[in-house]
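Here is a short note to read alongside the structure. Keep the view open and check each point as you go.

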Amino acid sequence: MSKVFIAFQLNEDTRPIIEAVLADNPHAEALESPAMVKIDAEGSLVIKRETIEELIGRKFDLQELQINLITISGHLDEDDDQFKLSWPN
Amino acid sequence: MDMHVGKKKLGIKEKYAHMTRGLDWETSYQPMDKVFPQAKFEGIKIHDWDKWEDPFRLTMDSYWKYQAEKERKLYAVLDAFAQNNGHLGITDARYLNAIKLFLTGISPLEYVAHRGFAAAGRNFPGVGPRVACLMQSIDEVRHAQTQIHALSNYNKHYDGFHDFKHMLERVWYLSVPKSFFDDAFSAGPFEWMIAIGFSFEYVLTNLLFVPFMSGAAYNGDMATVTFGFSAQSDEARHMTLGLECIKFMLEQDPDNLPIVQKWIDKWAWRGIRVLTLVGMMMDYMLPKRVMSWKEAWEIYFEQNGGALFADLARYGIKVPECITQCTVDKEHISHQAWATFYQYGGAAAFHTWMPNDEEMDWLSAKYPNTFDKYYRARFTHWRDEAEKGNRFYTNTLPMLCQVCQIPMVFTEPDDPTKLCYRESDFEGEKYHTCSDGCKGIFDGEPEKYVQAWLPVHQIYQGNCFPEGTDPTAEGFDPLAKVLEWYHLEHGKDNLDFEGSRDQANFAAWRGMATKNT
Amino acid sequence: MQIDLRTVSIKPLRHTFDHIARRFGDKPASRYQEGTYDIQQTDIFHYRPMWEPELQLFDKRRTKVQMKDWYALKDPRQYYYGAWTIARARQQDAADSSFEMIEERGLAGIVPEAQRKLALDILVPMRHVEWGGNMGNSFISAYGYGTAITQPCLYHAMDHLAVAQYLTRIGLVLDGPDALDTAKDAWMNGAMWQPMRRHVENTLVLQDWFEIFVAQNLVLEGLSYPVFYDYLDSEFSANGATAISMMTRFMAEWATETSKWVDAQIKVAAAESPENKAMISDWVKQYRAPVVEALTPLIHHAFGNKADSVLDDMSAQFATRCTKLGLSV
């Protein structure tokens, strides 16, 4: 199975996002470098709005991910509640 | 934008559909073919534009909101960088030459990308892809301008940055990236999307961006690194557009497959050839190196690209054949390219130098199969000669490949001691290419590639001298006149890093910042 | 670490890029200048465009208008990407606030029925006219000459998309998704909208980018925006439909701002030569007639017995504006 990944800038805004992603995706692995975090996962990765909101204590629009996103790999499917990356094959 | 209609909140997909689909219409007072004159000439068949899926569903007001936040953060850093002499934070002044290459070779092409996406944003009949292309167009003008703004401070203090657009149009090695984008922009909108949207912005983007931006981070260049991070989420949108485009074309009609495959083969190879400059930059121009070109290729192409092509296989797409050669080339091209720039350093608008012992050991370790066997001895010899006062500069001009326009310095995949030449005949003339990949591209569209403005040919034809130059005059120095025409300041922009104004100034200024006497 | 370099002068070698210094002298340049002047390639191209082989990739001959220096068409707002985005973000924030308040408090429900219907009849189908504006300005930004004019036209294209989206939102607020289908049907088939649709489609097949600039940005916008966002807006406010005014506030401010930019381009281009002045004036005359014809039924529908005076004012204002720009119309 192919891996998907998502990379974010590492800063105060993205800490809870990364925490949420790892909580919702037990099969994912995070690799930290000085200013960036890359999260790899076999097959698919899901980012859930609700999980992030619980951690930050305010409403969160998934489109806010735009501000700190670095790169992604995989097909993207986005709706109001989740941001999903996957390789169908 | 949260939106409620009556009591029910509209979901992002539904909302976006209302905000985009239905804006356009089937024209009746003017025929659709006249409103969209470029929609069919490339032979791509689209039956239902509504099948287009928008991956990132940004309405304009959301776009402005998030992009403005990124702009504010970026410019705050650029201002601080300028106010605090941030340029003194770089590891050493040799690093500057990497970003000279960036400003002259890449930034003006972000601008061409902006114009090309504006064209695609007008020419596709479907409203979904048009909106996505237009957003990429404004993103690209953002990139061109933020790069110029980020590097503006370096231009004030160092050489080689000062006339970037003029140089891009004329200087011999810059025709490599320039012709790449001219090639794409001169094509139709569908080929543009496969060339730039897919091949460049999806398949190869990490091989351009990560090296330069990581190179900046590792070498203390806060301005460039901040630009890089800020641009990255734009790039994520661009990647998804490119991937959606190719999926859409392949799903619309099986007849599109051979056309798309031909474009992928062409543009993967053209892009890889342009990336030679990046490989050279990574291995030779970064005082603090990030990784080798070989390693970058393995991670970002062999592994990531592998996942992508595995996915596209279901449509019948095959990995381009020329890619097999890259497995061999990855251990050679950076050394071959640097050797070229070193000896042509008199005509380059950035400084060149030979690696020191520590750097040579790094190269040996990263390239166990090739560096010591084929390159170290030559580089050590050049370095010794330079130390004796005989720094080597070639006084003649190289033959360029008709397609990629890189000097013919590459070697046969199965024999690194033999230069690789290929040739093609077209309408009574002979044309030369550097590889099977470039020959294949030439033979596919010879009527296009014979038009190329090859810098070396043009110099020999006398087209690269300032107006009023008299080549018959006593003491005529053609190279000097070419440099003048390039606006390349001899003795300042070019030649070895040792003894350069950049070296002297950086040392003096950094000295002033850290010493008391 | 604080580095105090006040006693040490790091004198820059140069204040800006050579191409900027050639124009303005070697002094610090603005971000607008460094991001705009002379960054479009001009001189050497490798391949002829497959889509137009008689011309070059960037070519002055794509318009009959001629300028010694296309960078004379400076944007008085000095919008480079950052400045434009940040300005618009502030405006969208205010607009979003208004929409949210109207949606959350159900203020659309208290708009008098006649005003609600008027907004649905006139404003919502305008989203298609706006889309035409997006397409025309996209064409200019692709095929125009010189960053000074192509850059703001792309921003203008995206502004038109935003306006189309605000008009869509107005429809959704006033009547749900059905509003959009009704408006589309009126646009495609309703008698009142056919002259406008015909005119917009005629501009979508123009090949001279400056002609598009005149037809769309000066004539269509110059005639219609005062009608919709000034006169019509006053009608809404006076008749208990302030909520609608609030929802079009972005458009009103934007129309005023952009008309200053449009004016500056026309004025400079017309002053360049008698040929340019004649060309642009002819285009104004050519496109004014179908635009007035297109607006007439809409104005009658919106203003009833005040329609004639609105039409007269609209024409008079436009004529005055054109004269100030040095045109003979």
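1. Start where chain B meets chain C. There, 71 residues of chain B are in contact with 70 residues of chain C. On the chain B side, helix α6 (residues 127–157) gives the most, with 14 residues. Sort that side of chain B by class and you get 29 nonpolar, 24 polar and 18 charged residues. Keep in mind that this is a predicted model.

2. Now set this contact beside the rest of the assembly. Two pairs of chains touch, and the pair with the most contacts is B and C. Chains A and C do not touch. Their nearest C-alpha atoms are 14 Å apart.

3. Turn to chain A against chain B. Here 21 residues of chain A are in contact with 26 residues of chain B. Which elements of chain A give two or more residues to this side? They are β1, β5 and β6 (75–78) of chain A. The largest share comes from β5(A), with five residues. By class, this side of chain A holds nine nonpolar, eight polar and four charged residues.

4. Chain A has an open sheet of four strands, in the order β2-β3-β1-β5, with antiparallel pairing.

5. Strand β1 covers residues 3–9 and strand β3 covers residues 36–42. They run antiparallel and are joined by seven bridges. A:V4 has A:A41 as its bridge partner in β3(A). A:I6 has A:I39 as its bridge partner in β3(A). As background, side chains in a regular strand alternate between the two faces of the sheet.

6. Next, take β2(A) and β3(A). Five bridges pair these two strands in the antiparallel sense. A hairpin of two residues joins β2(A) to β3(A). To find the pairing on screen, look for A:S33, which stands opposite A:M36 in β3(A).

7. Chain A has another open sheet to trace. Three strands form this sheet in the order β4-β7-β6, and the pairing is antiparallel. Here β4 (44–48) and β6 of chain A are the edge strands, each with a single partner, so each has one side without a neighbour in the sheet. The twist averages 15° from one strand to the next.

8. Zoom in on β6(A) and its partner. How many bridges pair β6(A) with strand β7 (residues 82–86) of chain A? There are four, and the sense is antiparallel. A:L76 stands opposite A:L85 in β7(A). Recall that β6(A) is also among the elements that give two or more residues to the side touching chain B.

9. Back in chain B, inspect helix α3 (residues 60–83). This helix has 24 residues. From its first C-alpha to its last it reaches 34 Å, close to the 34 Å expected at 1.5 Å a residue. After α3(B) comes B:N85, whose phi is positive, near 50°.

10. Chain C has 13 helices and zero strands. Its C-alpha atoms fill a box of roughly 70 × 60 × 40 Å, taken along the principal axes.

11. Finish with one helix pair in chain C. Helix α5 (residues 126–143) and helix α9 (residues 209–238) of chain C pack at an angle of about 150°, with their axes 10 Å apart. Angles over 145 degrees count as roughly antiparallel, so α5(C) is roughly antiparallel to α9(C). The crossing of α5(C) past α9(C) is left-handed.

12. Which residues make that contact? From α5(C) they include C:M126, C:G133, C:F139 and C:Y143. These meet residues of α9(C), including C:W209, C:F213 and C:F228. By class, the contact of α5(C) with α9(C) has eight nonpolar, four polar and no charged residues.

How values were computed
Residues numbered from 1 in each chain as written. Chains lettered and ligands numbered in written order. Predicted model: local features only at pLDDT ≥ 70, side-chain atom pairs only at ≥ 80, totals over all residues. Pairing = 2+ DSSP bridges. Expected span 1.5 Å × (residues − 1). Contact = placed C-beta atoms within 7 Å. Nonpolar A, V, L, I, M, F, W, Y, C, P; charged D, E, K, R; others polar. Axes fitted to C-alpha atoms, helices over the stretch in contact; angles between N-to-C directions. Parallel < 35°, antiparallel > 145°, perpendicular 65-115°, else oblique. Left-handed = near helix turned anticlockwise from the far one by under 90°.
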